[in-house]
Amino acid sequence: MDEGTLRDFRELLEGRMRGLLGGGYAPGARLADRGGIEPMDEADLASHHCDQALVHTFHYRNQQLVHEIRSAIKRIDDGDFGICSLCSTSIGLGRLKARPTAMLCIRCQEMMESVKRKYSGSRRMGAVA
Ligand SMILES: [Zn+2]
C-alpha cells in the first residue's frame, strides 16, 4: 500500500478516534439530568435501569472501537496494515475502505464467522438438551 493511502487511512482512523473520545452521542446525559434524585415510581426505576444498561453497553462498545482503532494505527506504524493477521495476504482496499479496522481478509473472516456460528449453534443445542 502506498504512503498516500496509508496516510488517508491514518487520518480517517484518528478522526474516528477523536469522535469517540471527544463525546458525541452520550446516553448517560439523561442520567446526569436527574441530579441524583431517587426514582419516583416503577416506570422511573425501569427507565433508570434501562439507562444504566445502555450506558454500560455504549461504554463497552466504545472501548472496543477505541481498541480496534488504536490497533489499526499501530499496524500502520508497524507496516502490517492491510495484511491479514491469519494468512498474511492483502486484505483488499475495498474491504479496508468499508472497515478500516479489519484485521482479516474476507476469506479468513468468513471462515472465523463460520466457526463461530458452528460453536454457538452447538452450544444452543447443548443448552436445550
Ligand atoms: Zn486471511
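**Briefing: helix packing and core in a predicted model**

Leaving aside residues up to four places away in sequence, Phe 9 touches Ile 76, Phe 81, Leu 96 and Pro 100; two residues are in contact if their C-beta atoms, placed from the backbone, lie within 7 Å. This is a predicted model, in which local features need pLDDT of at least 70 and side-chain atom pairs count only at pLDDT 80 or more, while totals for chains, interfaces and linings use all residues. Residues are numbered from 1 along each chain as its sequence is written.

**Overall make-up**

- The chain has five helices and zero strands; helices (H or I, at least four residues) and strands (E, at least two) are DSSP runs, numbered from the N terminus.
- Of the 129 residues of the chain, 9% count as buried; buried stands for 20 or more other C-beta atoms within 10 Å of a residue's own, exposed for 12 or fewer, and partly exposed for values in between, with C-beta atoms placed from the backbone.
- Among contacts in the chain with a separation of 6 or more, 53% are between residues 24 or more positions apart.

**Helices H1 and H3**

- Helix H1 (residues 3-21) packs with helix H3 (residues 42-78) at an angle of about 155°, and their axes are 10 Å apart; axes are lines fitted to C-alpha atoms, for helices over the stretch in contact, and angles run from 0 to 180 degrees between N-to-C directions.
- H1 and H3 are therefore roughly antiparallel to each other, a label for angles over 145 degrees.
- On the H1 side the contact includes Leu 6, Phe 9 and Arg 10, and on the H3 side it includes Asn 62, Leu 65 and Ile 69.
- The residues of this contact divide into 12 nonpolar, one polar and two charged. Ala, Val, Leu, Ile, Met, Phe, Trp, Tyr, Cys and Pro count as nonpolar, Asp, Glu, Lys and Arg as charged, and the others, Gly among them, as polar.

**The nonpolar core**

- The largest nonpolar core has five residues: Phe 9, Leu 13, Ile 69, Ala 72 and Phe 81. Such a core is a set of buried Ala, Val, Leu, Ile, Met, Phe, Trp, Tyr and Cys residues joined through C-beta atoms within 7 Å.
- H1 and H3 are the elements that give two or more residues to this core.

**Two exposed residues**

- His 67 lies in helix H3 and counts as exposed because it has 11 C-beta neighbours inside 10 Å.
- Ser 88 sits in the loop between H3 and helix H4 (93-98), and Ser 88 has a positive phi of about 65° although it is not a glycine.
- Ser 88 has 10 C-beta neighbours inside 10 Å, so it counts as exposed.

Definitions and conventions
Angles under 35 degrees count as roughly parallel, over 145 as roughly antiparallel, 65 to 115 as roughly perpendicular and the rest as oblique.
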